[in-house]
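User: I would like a close look at one part of this model, with the cut-offs stated.

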Amino acid sequence: MQVGMLKGSIRLALKELKRWMAPEKAKTEITTFPSSAEIVSEPLGVVLIISAWNYPFLLSLDPVVGAIAAGNALILKPSEIAPASSSLLAKLVGEYMDSSSIRVVEGAVAETSALLEQKWDKIFYTGNGRVARIVMAAAAKHLTPVVLELGGKSPVVVDSGINLQVATRRIIMGKWGCNNGQACISPDYIVTTKDYAPKLVDSLRCELENFFGKKPMESKDLSRIVNSNHFARLSNMLDDDKVAGKIVHGGERDKSNLRIAPTILLDVPRDSLIMSEEIFGPLLPILTVDKIEDSFDIINSGTKPLAAYVFTNNKKLREQFVTMVSAGGVVVNDTTLHLAVSSLPFGGVQESGMGSYHGKFSFDAFSHKKAVLYRSFAGDAALRYPPYTQGKLRLMKALMSGSIIGIIRALLGFPKA
Ligand code: NAD
């Protein structure tokens, strides 16, 4: 999947690069007449790309496509949490790419900290908000711009009156089909009405069994948890007293094999551990509300998520969701698929990140947009030069305000209207 998506990005960049690079014509003003203008994309210079472990190839090389397309040299720092992928990336990049413009530096906190002390022309970081603050503080020392691709608690609102089986299957694919919940845009929690929750839980149970069998701990289609730290973090969420008795499906854990079954919790309190941080694993809490519109307050009372999903046939609810819920991206009647649309920017807002990439947005993320104004020696108006007579000042004011009548009056020497 990662390689397929990456190939798609590369193909798109190769096909579109000429168009992306072409200077973009811009409109000019009467104040600069005669002139023409364009926006010229230029490389930023040398950029640093720090990536995360959960999709180690895609998250490392997808920004690299944009950085190279835009003409930059770069250092890539893959995540040490996926060490085999990190060393393979270092080997393959060393073997197949031009080492004068791209290098891989492997390592963990010490190596990344040393890289962050250097002056870069841009830092592109994928990972969590805590480290993002370290990255941004380091970048600030050199006034280096950053793109921060972070995460958050991505909600799913499930309305009644929908095709529940299709909705359930799409939620399951977004949650457990993507790295067993270890994905930045994986559904983090569901909000539905008290009346609809039992139906939704039944449907989730039924489809989970269809997909992963009666023994999900043995399913080859579910990933394990990446390491023992993350296993312990997820276990703590399940062991929290505040969610005691709330598990309505799953809950099995196998510490030695780092496996956790798809687990659904119903009616968890908002102050429980599982609702206080991004889950990033196979646990799915469901919150219930009296009216589906109440879900907006729950979502908007938290930090802005990377993605937000709504399943509904109600046009008004859909419109309200799109206008009232602030998130990096929104999908109506599906989950996670916006990631695959290269004409949409992929990125967060506030706590879920800043800046975006994918498709042309990747090229733009690694380019400086240079404003260029072209003039000739013709049309050198005496107006802009001293001495500034009353007539010149009136004409200048009229030009700046864009009033055609004012300009004509000033040119004809009529007194102020
Ligand atoms: P991680 O542990 O792999 O860390 C990411 C990078 O930060 C690594 O390269 C690591 O070496 C570096 N790092 C860690 N500690 C550091 C420190 N003290 N100083 C400098 N660098 C340091 O990944 P993670 O943070 O566990 O990733 C999970 C988070 O990333 C989740 O919040 C997830 O939602 C988010 N994420 C976002 C996207 C996206 O595209 N928006 C994609 C994947 C993951």
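Which residues form a nonpolar patch on the surface, and how much accessible area do they have together? Please go on to the ligand: which residues are closest to the ligand?

Analyst: This is a predicted model, where local features need pLDDT of at least 70 and side-chain atom pairs pLDDT 80 or more, while totals for chains, interfaces and linings use all residues. Residues are numbered from 1 along each chain, and side-chain values use heavy atoms, without hydrogens or water.

The surface patch consists of Ile68, Leu88, Leu92, Tyr96 and Met97, which together have about 460 Å² of accessible area (Shrake-Rupley, 1.4 Å probe; members have over 30% relative accessible area and no salt bridge, with nonpolar side chains joined within 5 Å; a salt bridge is a Lys or Arg side-chain nitrogen within 4 Å of an Asp or Glu carboxyl oxygen). Helix α3, residues 83–96, is the main contributor, giving three residues to the patch (a DSSP run of at least four residues; strands need at least two). Tyr96 belongs to α3.

As for the ligand, 28 residues surround it, and the closest are Lys77, Ser79, Glu80, Asn128 and Glu278 (a heavy atom within 4 Å). Two of the polar contacts (N or O pairs within 3.5 Å) reach ligand oxygen atoms: the side chain of Asn128 at 2.6 Å and that of Glu278 at 2.6 Å. Glu149 places a polar side-chain atom 3.3 Å from a ligand nitrogen. The protein buries 93% of the 850 Å² that the ligand exposes when taken alone.

Helices α4 (109–117) and α5 (129–141) and strand β6 (122–126) each supply at least two shell residues; α4 gives the most, with three. Both domain 1 (2–150 + 357–370) and domain 2 (155–347) contribute at least three residues to the shell, with bounds from an automatic or database assignment.

Technical notes:
A polar contact is a pair of N or O atoms within 3.5 Å; within protein, one must be able to donate a hydrogen and the other to accept it, and residues adjacent in sequence count only if both atoms are side-chain atoms. Patches are made of residues with over 30% relative accessible area and no salt bridge: like charges are joined within 9 Å, nonpolar side chains (Val, Leu, Ile, Met, Phe, Trp, Tyr) within 5 Å.
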